[in-house]
Amino acid sequence: IVNNQLIWDTTLDPLDYPREIREEFFKKSFFYRKKFVSWLGIISKDYINNFDWWIKLPSSRDPFKSNLYKNVIIFSILQNKKILKNVKIIYFENKNFVEIIRNNKIFQLSYTKIRLKSKIYYLNSFINSIIFSFIVLIFVRFFKKKSKKKDLKDFILVNNYIDTKLNVKDHVFSGLKKNLKDKKNTFFVPNFLFNRNLINLFKNIKNLSKENYLFKENYISLSEFIYSAFDTFFNYRQFKVKKFRKFIKVDFSLLIFSELKSKKNFFTEFQSKLLLKFIEKLKINKFYPAKIIGRFENQNIDRAWFYGFKTFFPKTKSIGYQDFLYYPHLPNQSPTNYEFKANLIPDKIVMTSKSFIKNRREFCKNIKIILGPSLNKQKIFKSSKMSTNYKFVIALCGIKALDEKMISWLYFLINKDDSLRIYLKPHPILPIHKLRNFDIKIFKD
C-alpha cells in the first residue's frame, strides 16, 4: 500500500528514504548504471586531455564524493507520477533542483511541496587544506633537503598514503619494504592523509626523511605552491559556459556545474595538482624511473600519478595496485574506455583475487590485469589460529550511512540470539567510534 503522506528528504542516504521510494531508487540505480557511465563518457569527450576535468567531482563516478548519479536517480523517480502523487513534502539540497524542475515540463511537482535545506559551504575545507599542505611543506624542508642527484635512471617509484595520527602507517603497501629485492633503487613518494595532530606529523616526517623517500614538497617552489592553490580554487570557470548533453530527457548542466564549482573535495584536487607538478619537476631534474607503482582506486591522486607519468614519461612502466574486493556500489574502481583514452589508467592492474577480474573489466575490456599478493593480509599466514568462537565475520565498508545500517542490523540479530559470536572488522578510513550507533559494550575485542 502506498503511503499518501510521504515526506521525502532527498539529501539523506537512500537507505533512509521512505520504503516505496527506497525500493524504486535501488531498482533504478541498477537499471541506469551502465547508461550513466556511457553518458558521462559522452560529456567528457571535450575534456579528454584536460586534467582539471578528471579531478573534479562529476567525472569521479565516486558516490562517496559526488552526488551526480544519486541526483540523476532522484529525477528519474520524480518522473513517476504514481509516487509523486503521494509525496506530501520533498526536501532538496539547493535551488538548482527547483530550476531543473521549472525548466523541464516532464515534472509535475507542485512548488508548494518543495523545501530547501540550508546550503553547505566548504570554505573551511579550502582554508584547512592550504594550511595543512603548507605545514607539511615546511616540515619536509626542515628535515629533508632536495636530492642533488641528477640523471638518475632505472629506479622504481612507489606512491603511498601515510597516516600520521599515531605512528607512521602505510595504508596501501604495508610490509612492502621488508620484501623488496632492490631497496637502494626503490623510492617512496608519500601522500599525507589530512589530520590535525601536528606533533605526530612533525615526528613522522622526521623519521621518514631518513629513509628512501622523495617528498614532492622538496621539488615544488613556493610560487608553484601558491599558483596551484589558486588554480585549483578558480579552475571551474573554464567549464562555466558549457551546456551538457541531456540524460533521461533532463538537462543536468546546473548540477554538473555546481559540483565543478564545489570545494568539497578541494584537498585531494589540490594535492593532485601538486603531485602532477612534482612529476614534471622529475623530468626537469632528469630523473627517469623505469617503473612506477601506486594504489589504484581511480581517485584524484591515483589519476594524477598515472596521468603524470604517462604524460611526462611515456616509456616508464606503470602498475596500479588494488588490495580490495569488488564493490559494485563503487563503480569508479572499475576503469572506463574514456578514462583509458585519457591516460588515467596504469599499464597493468594488480588484483589479489581472480574472482573479480571479469567485474573489474565491466566498463573497459582493454585493461591488463595480473594477480598479486595482498600485502596487508600477510600476517594471517604467520599467526593464524583456528577457532570456532566466531561464526560470522562482518567487514565494514567505510561509508558511514551503510556501516551504521549494518550495525543496526547486527543489533537486531544479537537481540534475537545473544549466543551469536560475530567478528566485526572496521574499515581503515572510518574509525568505528565515529559510527553514532556503535556500542562498545556489545562489541568487545
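Trainee: Before we start, what pLDDT do local features need here?

Mentor: Residues are numbered from 1 along each chain as its sequence is written, and side-chain values use heavy atoms, with hydrogens and water left out. Because the model is predicted, totals for chains, interfaces and linings use all residues, side-chain atom pairs count only at pLDDT 80 or more, and local features need a pLDDT of at least 70.

Trainee: How many salt bridges does a search of the whole structure find?

Mentor: Side chains of opposite charge can pair when their charged atoms come close. A salt bridge here is a side-chain nitrogen of Lys or Arg within 4 Å of a carboxyl oxygen of Asp or Glu. Searching the whole structure on that basis gives 20.

Trainee: Take Asp 16 and Lys 405: how many residues apart in sequence are the parts that this pair ties together?

Mentor: Their side chains meet in a salt bridge, 3.5 Å from N to O. Helices (H or I, at least four residues) and strands (E, at least two) are DSSP runs, numbered from the N terminus. Asp 16 lies in the loop between β1 (6-9) and α1 (19-44) and Lys 405 in helix α15 (residues 400-416), so the separation of the parts in sequence is 389 residues.

Trainee: Are Arg 33 and Glu 362 buried or exposed?

Mentor: Those two form a salt bridge, with the closest N and O atoms 2.9 Å apart. Buried means under 20% relative accessible area, exposed over 50%, and partly exposed in between (1.4 Å probe, protein chains only). On that scale, both Arg 33 and Glu 362 are buried.

Trainee: Where is Arg 61 found?

Mentor: Arg 61 has a phi near 60°, a positive value in a residue other than glycine. At 6% relative accessibility, Arg 61 counts as buried. Its place is the loop between α3 (57-60) and α4 (68-77).

Trainee: And what is the phi of Ile 248?

Mentor: Ile 248 is in the loop between α9 and α10. With 16% relative accessibility, Ile 248 counts as buried. Although Ile 248 is not a glycine, its phi is positive, at about 45°.

Trainee: Which residues is Thr 232 in contact with, leaving aside its neighbours within four places in sequence?

Mentor: Thr 232 is in helix α9 (residues 222-234). Thr 232 is buried, with a relative accessible area of 1%. Contact means heavy atoms within 4.5 Å. Apart from those neighbours, the residues in contact with Thr 232 are Lys 56, Phe 266, Glu 269, Phe 270 and Lys 273.

Trainee: What is the relative accessible area of Asp 403?

Mentor: Asp 403 has its place in helix α15. Leaving aside neighbours within four places in sequence, Asp 403 is in contact with Leu 396, Cys 397, Gly 398, Leu 430 and Leu 435. Asp 403 is buried, and its relative accessible area is 2%.
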